[in-house]
Amino acid sequence: MSNVSASLAQEASQAEVAVTPPTFLQLEITSACTEEGAVFKIVNRGAKWPRTGYLRLYHADSKSLLGERRLRLAPGQKVSFVVKKKVMNGHPVAVWVEPEWYKREMEYDASIKCN
């Protein structure tokens, strides 16, 4: 009898793990041009991130990395930043958020070109 109950308990714990969905990114990202440069605002519209992720900033046309920041967002948490005109240097800039807890194809989440 103890082997049966141990086996049932193991099956139950495996079933619980199997039905736990991964936490995917649910972001609201807006961008705008200002006198200073490009402003990006990011809001986490999903669950608390289980681990940190990377916020990466690129020159969109050359795909060259301008900088990155590690972060971990709570539900509803907001992050905003300005990319100065001298950093943009006439190039469009883009943001990509890469989570550490699942693999995501590299594709810009938002981009903008300010004249």
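A disulfide is a pair of cysteine sulfur atoms within 2.5 Å. With that in hand, here are the views. This is a predicted model, in which local features need pLDDT of at least 70, side-chain atom pairs count only at pLDDT 80 or more, and totals for chains, interfaces and linings use all residues. Residues are numbered from 1 along each chain as its sequence is written, and side-chain values use heavy atoms, leaving out hydrogens and water.

View 1. Helices (H or I, at least four residues) and strands (E, at least two) are DSSP runs, numbered from the N terminus. Reading from that end, the elements follow the order α-β-β-β-β-β-α-β-β. Of the 115 residues, 32% are buried; buried means under 20% relative accessible area, exposed over 50%, and partly exposed in between (1.4 Å probe, protein chains only).

**View 2. A disulfide joins Cys-33 to Cys-114.** By the 2.5 Å rule, the count comes to 1 disulfide, and its S to S distance is 2.0 Å. The torsion about the S-S bond is about -90°, so this disulfide is left-handed. Cys-33 belongs to strand E1 (residues 27-33) and Cys-114 to the segment after strand E7 (110-112), so the pair ties together parts that are 81 residues apart in sequence. In general, a disulfide is a covalent bond between the sulfur atoms of two cysteines.

**View 3. Three strands make an open sheet in the order E1-E2-E5.** Their pairing is antiparallel; two strands pair if DSSP finds at least two bridges between them. Strands E1 and E5 (78-84) are the edges, each pairing on one side only. On average, neighbouring strands of this sheet are turned by 15° against each other, direction ignored. Such angles run from 0 to 180 degrees between N-to-C directions, with axes fitted as lines to C-alpha atoms (for helices, over the stretch in contact).

**View 4. Here we look at strands E2 and E5 side by side.** Strand E2 (residues 37-44) pairs with E5 in the antiparallel sense over 7 bridges. Which residue in E5 stands opposite Phe-40? That residue is Phe-81.
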